[in-house]
Amino acid sequence: MTTEDSGAVVDQRETPTVAVRCMSSHPTRAAYAADLAQTLGLPLVEDADGPYPLLLIVTDDRLELLQSGSPEGPTFCEFADGAFGYRRSQPLRRELLARAVGFKGKALHVIDMTAGLGRDAAVLALLGCRVTAIERHPVVFALLEDGLRRARESDAAGSLAERLTLVRADACDYVDALPTNALPDVIYLDPMFPERTQSALAKKEMRLLSLLLGGEEDADRLLDAALRTGCHRVVVKRPLHAPRLLTPLVRVPPIEFRGRSARFDAYFTGTNAQGGGPLS
Ligand SMILES: C[S@@+](CC[C@H](N)C(=O)[O-])C[C@H]1O[C@@H](n2cnc3c(N)ncnc32)[C@H](O)[C@@H]1O
């Protein structure tokens, strides 16, 4: 695993939403919590009684995001156990995501412009793809880095972690700066969308992400930037019945891969854009 971090703090000038709290008695974890608070420009609090709707909790072994006063458990990045562990045991090549990115056994290089909690990036890495996962929010990025650190240390997910590179940046800036000879096989994006899926777990995670990220919505900008690179295949995840993203750069309609709650729209550029694009 490698990480690139252009370094920035959380912008909380208007309404402070997040504070860091250490719930471990280990001095190394307390030092990590203090460092994290300083790096992210967040307050370090002793208890959960403050005015912060979200707490970034440092436990003995991981970093968690928790909604203050909510009965729901924490959210964290997990690539080895839990729901992701179950997913690992399934035949991944049949995953809709694998088909949408055109995976046929050959390892692809995929840029994931919207890493979030890294689940899609991890599925692609599990398939054997080399994934550059970009996330711009410092708190989400910290959760990702923590998940990957644990993955790297585990027997089950060590090789997955080797294929993932995390980059903290605005993904539009990142792909704008890509030289043409460094284009990936696929650019993937999964922009925020309200009430995206029926899954209770995803709902909780998405609710927390929405609280953290506010109403940010730059889906069209992300797709424009991805298509402008000239990358052959650009794949967009959408809720099943959501409208397609609009962009003047698309000359042929995307090919849709439809699942039970999500849909992947695959856009083809270059020569395939004239001929309708490959159907797999
Ligand atoms: C819906 S989540 C992605 C979930 C992810 N696919 C997963 O499997 O966990 C969208 C993420 O994209 C990030 N994001 C949105 N616009 C971005 C941009 N321009 N550059 C980098 N990250 C961005 C948000 O901060 C958020 O974490």
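User: In this predicted model, which residues come nearest to the ligand?

Analyst: The ligand has 23 residues around it, and those that come nearest are Leu 117, Asp 120, Glu 135, Ala 171 and Asp 190.

User: How much of the ligand does the protein bury?

Analyst: The ligand exposes 610 Å² when taken alone, and the protein buries 99% of that area.

User: What makes up the shell around the ligand, by residue class and by element?

Analyst: By class, the shell holds 10 nonpolar, 3 polar and 10 charged residues. By element, helix 4 (119-127), strand 7 (130-135) and helix 9 (219-228) each contribute at least two residues.

User: Which residues of helix 9 are buried, and what covers them?

Analyst: Ala 219, Leu 222, Leu 223, Ala 225, Ala 226 and Leu 227 are the buried residues of helix 9. Their cover includes helix 7 (171-176), strand 9, strand 10 and strand 12. Just after helix 9, Gly 230 adopts a positive phi of about 85°.

User: Why is strand 10 described as covered on both faces?

Analyst: In a regular strand the side chains alternate between the two faces of the sheet. On one side of strand 10 stand Arg 233, Val 235, Lys 237 and Pro 239, and on the other Val 234, Val 236 and Arg 238; all are buried. The count for strand 10 (residues 233-239) is 7 of 7 residues buried.

User: How do you know that strand 10 pairs with strand 9 and with strand 12?

Analyst: At least two bridges are required for two strands to pair. Strand 9 (residues 186-189) and strand 10 have 4 bridges in the parallel sense, with Val 186 opposite Arg 233. Strand 10 and strand 12 (residues 262-268) have 7 bridges in the antiparallel sense, and therefore both pairs meet the requirement.

User: Why is Asp 265 called buried?

Analyst: Buried means under 20% relative accessible area, and Asp 265 has 0% relative accessibility, so Asp 265 counts as buried. Asp 265 lies in strand 12 and is the bridge partner of Val 236. Residues touched by Asp 265 include Val 234, Arg 244, Pro 254, Ile 255 and Glu 256. The side chains of Asp 265 and Arg 263 are joined by a polar contact of 2.7 Å.

User: What makes strand 3 and strand 5 the edges of their sheet?

Analyst: The open sheet of 4 strands has the order 3-2-4-5, with mixed pairing. Strand 3 (44-45) and strand 5 (63-67) each have a single partner strand, so one side of each is left without a neighbour in the sheet. Strand 2 (residues 18-22) and strand 4 (residues 54-58) pair in the parallel sense over 5 bridges, and Val 20 has Leu 56 as its bridge partner in strand 4.

How values were computed:
Residues numbered from 1 in each chain as written. Predicted model: local features only at pLDDT ≥ 70, side-chain atom pairs only at ≥ 80, totals over all residues. Heavy atoms only, no water. Near = heavy atom within 4 Å. Areas by Shrake-Rupley, 256 points an atom, 1.4 Å probe, with all protein chains shown as cover. Nonpolar A, V, L, I, M, F, W, Y, C, P; charged D, E, K, R; others polar. Buried < 20%, exposed > 50% of the residue type's maximum accessible area, 1.4 Å probe, protein only. Polar contact = N/O pair within 3.5 Å; in protein donor to acceptor, adjacent residues only side chain to side chain. Contact = heavy atoms within 4.5 Å. Lists of a residue's contacts leave out its neighbours within four places in sequence.
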